[in-house]
Amino acid sequence: MKRRPFIAGNWKMHLTLAESVRLAQAVAESCAACPDRDVMIAPAFTSLASVCTAVKGSPLLIGAQNIAWEKEGAYTGEISPVMLKDLGVNLAIIGHSERRQIFGEDDAMINRRMHGALNGGIQPILCIGETLADREAGNTFSVLEKQLRHGLNKVSNEQMAQVVLAYEPVWAIGTGKTASKEQAQEVHAFLRQLLANLYEKNIADATRILYGGSVKFDNIDNLMAQPDIDGALVGGAALKAESFDRIVRFR
Ligand code: PEP
């Protein structure tokens, strides 16, 4: 099954408003040059509104770096699906390892965020990944299975059409260590099989699974050549127009 490639940039806690708008405009040009793939950027919350305005009319997709599960209320520091939708945001990154590890988000909270996004018309990108200790202990697959099952708890067959998965081995994020294309493909194939067990084969075949972890201009082509790798979630290399442009234009 042919899945539409998806290249996503996670800007994390970087860039001022003016820098964000400039970079977004440059990425919109890269995106327009590659109509056969989806391209997304996830700026900091403070830049989202201006970035949405700056690239309006472009096919570039805009993501939030997290999302609340309630529409409104006493949730200091959170941003709701209604607020994101109002800006024109299309997707939200959920369960990023930095949220899990630094801010203590657990699988139950991540699942609530998934339902918040899906009910609010925002496409979730569910991130899962093992730590180095998990991998060295031989627990990679059991950890990923647990995160996937919990993250997708009560997500229906129909809702799965909206879901994007991102496999991000924690040991490869921001470290310069990329999973080899064989390691990444092995996990992606495992996740797709798991989706086929949890849902149906056609859903597993249609779901896009992104790889994330030190993706750069010089490893993107090899990663994208793997049959179960449908795209990339890029951190550091998404912060420079030239390097992200080369990633968007993977061959
Ligand atoms: C990320 O933040 O999701 C990520 C993969 O970062 P980096 O590309 O910098 O490893």
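## Close-up views of a predicted model

**Figure 1. An oxygen atom of the ligand sits 2.8 Å from a polar backbone atom of Gly 235.** The model is predicted. At Gly 236, a backbone N or O atom lies 2.9 Å from an oxygen atom of the ligand. His 96 uses its side chain: a polar atom there is 2.9 Å from a ligand oxygen. Taken alone, the ligand exposes 290 Å², and the protein buries 97% of that. Around the ligand are 14 residues. Those that come nearest are Lys 12, Glu 168, Gly 174, Ser 214 and Gly 235.

**Figure 2. Ser 214 has a positive phi, near 55°.** Ser 214 is one of the residues that come nearest to the ligand. The loop that holds Ser 214 runs between β7 (208-212) and α10 (220-224). Most residues other than glycine have a negative phi. Ser 214 is not glycine, yet its phi is positive. Its relative accessibility is 10%, so Ser 214 counts as buried.

**Figure 3. Lys 154 also has a positive phi, near 65°.** Lys 154, too, is a residue other than glycine. Its loop lies between α7 (140-151) and β6 (164-167). Is Lys 154 buried or exposed? The relative accessible area of Lys 154 is 69%, so this residue is exposed. Ser 214, by contrast, is buried at 10%.

**Figure 4. Helix α1 spans residues 17-32.** The helix has 16 residues. From first C-alpha to last, α1 reaches 22 Å, close to the 22 Å expected at 1.5 Å a residue. Its buried residues are Ser 20, Val 21, Leu 23, Ala 24, Val 27, Ala 28, Ser 30 and Cys 31. An α-helix has 3.6 residues a turn, so residues three or four places apart point the same way. What covers the buried residues of α1? The cover includes β2 (38-42), α2 (45-54) and α11 (241-248).

**Figure 5. Ser 47 of helix α2 makes a polar contact with Ser 20.** The contact joins the two side chains at 3.1 Å. Ser 47 has a relative accessible area of 1%, so Ser 47 is buried. Ser 20 is among the buried residues of α1. Leaving aside neighbours within four places in sequence, Ser 47 is in contact with Leu 15, Thr 16, Leu 17 and Ser 20.

**Figure 6. The largest nonpolar core has 64 residues.** Which members touch the most other members? They are Ile 41, Leu 60, Ile 62, Leu 152, Leu 195, Tyr 211 and Phe 244. Helix α1 gives the most to this core, with 6 residues. A second, separate core has 13 residues, including Met 40, Ala 42, Ile 93 and Ala 166.

**Figure 7. Leu 152 and its contacts.** Leu 152 touches Asn 111, Met 114, Leu 126, Met 160, Val 163, Leu 195 and Tyr 199. Residues up to four places away in sequence are not counted. Both Leu 152 and Leu 195 are among the members of the largest core that touch the most others.

**Figure 8. Helix α8 covers residues 181-198.** The helix has 18 residues. It reaches 25 Å from first C-alpha to last, close to the 26 Å expected at 1.5 Å a residue. Its buried residues are Ala 184, Gln 185, Val 187, His 188, Leu 191, Arg 192, Leu 194 and Leu 195. Leu 195 is also one of the residues that Leu 152 touches.

Key. Residues numbered from 1 in each chain as written. Predicted model: local features only at pLDDT ≥ 70, side-chain atom pairs only at ≥ 80, totals over all residues. Heavy atoms only, no water. Helix = DSSP H or I, 4+ residues; strand = E, 2+ residues; numbered from the N terminus. Buried < 20%, exposed > 50% of the residue type's maximum accessible area, 1.4 Å probe, protein only. Expected span 1.5 Å × (residues − 1). Contact = heavy atoms within 4.5 Å. Core = buried A, V, L, I, M, F, W, Y, C linked by side-chain atoms within 4.5 Å. Near = heavy atom within 4 Å. Polar contact = N/O pair within 3.5 Å; in protein donor to acceptor, adjacent residues only side chain to side chain. Areas by Shrake-Rupley, 256 points an atom, 1.4 Å probe, with all protein chains shown as cover.
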